[in-house]
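Have a go at each before you read the solution.

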Amino acid sequence: MSPEPRFITDRMLGTLTRYLRFMGYNTVSANGFEEGNTKEDTLLLSYAEREGRILLTRDTELAHRGKDRAVLINSDDVLEQVQQLVERGLIERRLVMDRCSLCNTPLRTATDEEIVGAEYAPQDLTGFTFFWCSQCRRLYWNGSHTKQLLERIGQEK
Ligand SMILES: [Zn+2]
C-alpha cells in the first residue's frame with residue numbers, strides 16, 4: 001500500500017480521527033480549526049488539495065464537491081468507519097502508535113524524566129515502551145489499553 005495516505009476529517013469524525021492517528025495515519029481534523037468559519041467546507045477542500053490529503057466527511061454535499069479527493073463516510077459507528085476505509089483499500093488494520101492521538105504530532109521515545117514526571121504512568125514500569133508528545137507533553141505507552149484498542153481495530157464487523 002503506497003504511498004502512505006494522509007487524511008483530513010470533518011468535525012463529525014473526531015473518534016475516527018483518533019483511531020487513524022493510533023493506526024499511524026497522518027490525520028488533520030477540522031476540530032483543530034477555529035470554529036464559526038462559514039466557509040469551512042471550502043477551507044477543508046483547499047487544505048486537502050494543497051497537502052494531497054484525502055477528505056473524509058459525513059456530509060454528502062461536501063463529499064460531492066471533493067470529487068476524487070473525498071470519501072463519504074457512511075456510518076456513525078467508528079468500527080464501521082474503519083471497515084469502510086479498509087474495504088476501499090485506503091488503510092490497513094494496524095496499531096503503530098507513532099503519533100499523538102490528540103494533536104497528530106509524531107511521538108518520540110520518552111526520557112526517564114518525562115516518564116517519572118508524567119501525571120499518568122503505570123505503577124510498575126517493566127515491560128512497557130514509552131512515547132512522548134512534545135506538543136501536548138503527554139505520555140503514551142503500549143500496555144493493556146493499547147492491546148484492547150488493537151483488538152477493536154482488528155475486529156471485522
Ligand atoms: Zn499531542
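Start with F7: at 0% relative accessibility, F7 counts as buried (buried is under 20% relative accessible area, exposed over 50%, partly exposed in between, with a 1.4 Å probe and protein chains only). A heads-up: this is a predicted model, where local features need pLDDT of at least 70, side-chain atom pairs count only at pLDDT 80 or more, and totals for chains, interfaces and linings use all residues. Residues are numbered from 1 along each chain as its sequence is written, and side-chain values use heavy atoms, with hydrogens and water left out.

**Exercise 1.** Work out how F7 and Y25 pair.

Step one, the rule: rings of Phe, Tyr and Trp (its six-membered ring) pair if their centres lie within 6.5 Å; planes under 30 degrees apart are stacked, over 60 edge-to-face, the rest tilted. That gives four aromatic pairs.
Step two: F7 and Y25 are 6.0 Å apart, centre to centre, with 75° between the planes, hence edge-to-face.
Step three: Y25, at 1% relative accessibility, is buried too.

**Exercise 2.** Classify the pair F128 and F130.

Step one: their centres are 6.2 Å apart and the planes make 50°, which is tilted.
Step two: F128 is partly exposed at 28%, whereas F130 is buried at 6%.
Step three: together with W141, F128 and F130 form one aromatic cluster.

**Exercise 3.** Find the charge over the ring of Y25.

Step one, the rule: NZ of Lys or CZ of Arg must be within 6 Å of the ring centre and within 35 degrees of the ring normal.
Step two: R94 has its charged end 4.1 Å from the centre of the Y25 ring.
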